[in-house]
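Please study the display before starting.

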Amino acid sequence: MENFMDKLAEKIGTRDIIKANAQAEAMEAERTRQEAEQYKIQLEQLKAGETEHKKAIDDMGKTLEELTKRMDDSDTKVHDVGVQVYRNVQVIVEKGQDKEFEELESLKKKLEKNEEEFKELSNKLESILVGVDTGSSGVKPLLVITMLIAAADLVINILRILGII
């Protein structure tokens, strides 16, 4: 094997070795330069992507601020509407109470009027009964008719008070 190496070394001279070595170094330098170029391109792409990413983050931040402001405005509007509804309900309840009070007062007056009429009829009935007890026989049919009319009037007034008629 040594003989083969020696023969090969003789054929390939020192110049050839230096020339081959120089070519290998040139090829290695070219390959390194191309790699450096590729790395440079990739670095520029990363920088461009970073710029776009920062811009997207800034846009999202602005959008988030806008949404936060809208939500705050919405909360304020909801609160204002809630206060308005509360006040309107309060006014309606107060008016309803006033109306109910007026209706009760009106019914009370009607009831007092009917009580007075009933007392008046009761007094008339007593006077008729006194006349009947004294022996007047012609008054009995008149007394029955008057009692029926008084009872019918009383029933009609009670039905009016209750709102049935």
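**Exercise 1.** With which residue does E50 form a salt bridge, and how far apart are the closest N and O atoms?

*Solution.* The model is predicted: local features need pLDDT of at least 70, side-chain atom pairs count only at pLDDT 80 or more, and totals for chains, interfaces and linings use all residues. Residues are numbered from 1 along each chain as its sequence is written, and side-chain values use heavy atoms, with hydrogens and water left out.
Step 1: a salt bridge requires a side-chain nitrogen of Lys or Arg within 4 Å of a carboxyl oxygen of Asp or Glu.
Step 2: the partner of E50 is K54, with the closest N and O atoms 3.7 Å apart.
Step 3: both residues belong to helix 2, four residues apart, about one turn of the helix (helices are DSSP runs of H or I, at least four residues, numbered from the N terminus).

**Exercise 2.** Is E120 buried, partly exposed or exposed?

*Solution.* Step 1: buried means under 20% relative accessible area, exposed over 50%, and partly exposed in between (1.4 Å probe, protein chains only).
Step 1: E120 has a relative accessible area of 46%, so this residue is partly exposed.
Step 2: K124, at 44%, is also partly exposed. The side chains of E120 and K124 form a salt bridge at 3.6 Å, N to O.

**Exercise 3.** How many salt bridges does a search of the whole structure find?

*Solution.* Step 1: the search finds six.
Step 1: one of them joins E37 and R33, whose closest N and O atoms are 3.9 Å apart.

Note on methods
Helices (H or I, at least four residues) and strands (E, at least two) are DSSP runs, numbered from the N terminus.
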